[in-house]
Amino acid sequence: GPGDSFGSSAYSVGDVTNFRDAISFTPIVSYSLSSVTLGFGFSGFHDNSIPVKISIQSDAGGQPSGTVVESFLESAWALVAGGGEARTTLSTSNPTLVASTLYWLVVEPTATSGPIYHTWGWFENSIGMNGFSIRNDLGSWITQTGPTPAARIEGVEVPEPSTWGAVVAVTVLGAIVKRRATRASTVSPGN
C-alpha cells in the first residue's frame, strides 16, 4: 500500500507444518528484476542466523512450479517480534521477467526441524487484493481467497525485440545518410 503500508494480520511462514506462502503476478511489460519487498515479521522462535527463502518461480497449472527463476536467502533482517516491516532484498542475477507471463513469488522457511520451529509472518496487503496459495509438508499447493500477502516486485523495463529492431534500423539508416552526406560534401563540382 501507500508508503509501504500493509495490514495488521499475517500468514505463517514456517511453523510446525512448514508453511510456504505464494502470490502470483503477471508483468504487463518485460523487465529485469531488481528487488522484492515484503511486509514481513516474525511471530516466534526466530533466529537471524536461520534464513528465509524467497524465490520467483514459473507457473504450473495455476500454482508455483518449483522451477526457480531466482531465489534469495534472507537472514540479515533484524525483525521486531509481533510486528512487521517493509523489507527489501535485491536481485543478484537480474533475470528478465517476460510480459504477460504468470510468475509466483514464494516465501518458505529453511529450518524445518529440531526443538524450535521458526515462524515468520508475511503480512496481508492493505489495498484490498485477494488470493494466494499455501502449502505445507503434508500436501500440495492450495488456493486461498483471503487478502493477498503484501509484496512489491520491481525491475527495469526491457525493450521488446520489435523495439530493438526499430532502433537498429534507425541507427543503420542514420549511418547511411551521414555517409552519403559526407561523400557529397567531399566531391567538388566539375570533377
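This note goes through a predicted model point by point, from the overall fold to single residues.

1. Basis of the values. Because the model is predicted, local features are reported at pLDDT of at least 70 and side-chain atom pairs only at pLDDT 80 or more, whereas totals for chains, interfaces and linings use all residues. Residues are numbered from 1 along each chain as its sequence is written, and side-chain values rest on heavy atoms, with hydrogens and water left out.

2. Overall make-up. The chain holds one helix and 12 strands, these elements being DSSP runs numbered from the N terminus (helices are H or I with at least four residues, strands are E with at least two). Read from the N terminus, the order is β-β-β-β-β-β-β-β-β-β-β-β-α.

3. Surface and burial. The accessible surface of the chain is about 10400 Å², and 58% of this area belongs to carbon and sulfur atoms; the areas come from the Shrake-Rupley method with a 1.4 Å probe, and for residues only the protein chains shown count as cover. Of the 191 residues, 36% count as buried, a class that means under 20% relative accessible area, with exposed set at over 50% and partly exposed in between (1.4 Å probe, protein chains only).

4. The largest nonpolar core. In soluble globular proteins, nonpolar side chains tend to be buried together. Here the largest nonpolar core has 21 residues, and V36, L38, F40, I56, L105, V107 and W122 are those that touch the most other members; such a core is a set of buried Ala, Val, Leu, Ile, Met, Phe, Trp, Tyr and Cys residues joined through side-chain atoms within 4.5 Å. Two or more residues each are contributed by strand 1 (10–14), strand 2 (20–25), strand 3 (31–44), strand 4 (52–59), strand 8 (103–109), strand 9 (119–123) and strand 10 (130–135). Strand 3 supplies the largest share of this core, namely five residues.

5. Strand 8 and its partners. Strand 8 pairs with strand 4 in the antiparallel sense over seven bridges, and five bridges join strand 8 to strand 2, again antiparallel. W104 is the bridge partner of Q57 and also of S24, while Y103 stands opposite S58. Seven of the seven residues of strand 8 are buried, so this strand is largely enclosed by the rest of the structure. Both of its faces are covered, with Y103, L105, V107 and P109 buried on one side and W104, V106 and E108 buried on the other.

6. The aromatic pair. A search of the whole structure finds one aromatic pair, formed by F25 and Y103, which are stacked at 5.8 Å centre to centre with 25° between the planes. The criterion takes rings of Phe, Tyr and Trp (its six-membered ring) with centres within 6.5 Å, and planes under 30 degrees apart count as stacked, over 60 as edge-to-face and the rest as tilted. F25 belongs to strand 2 and Y103 to strand 8, so the pair ties together parts that are 78 residues apart in sequence. F25 is buried at 13% relative accessibility, and Y103 is buried with a relative accessible area of 7%.

7. Loop residues to check by eye. Most residues other than glycine have a negative phi, and most peptide bonds are trans. N94, which is not a glycine, has a positive phi of about 45°; N94 sits in the loop between strand 6 (84–90) and strand 7 (96–97) and is partly exposed at 35% relative accessibility. S100 likewise has a positive phi, near 65°, lies in the loop between strand 7 and strand 8, and is exposed at 63% relative accessibility.

Conventions: Two strands pair if DSSP finds at least two bridges between them.
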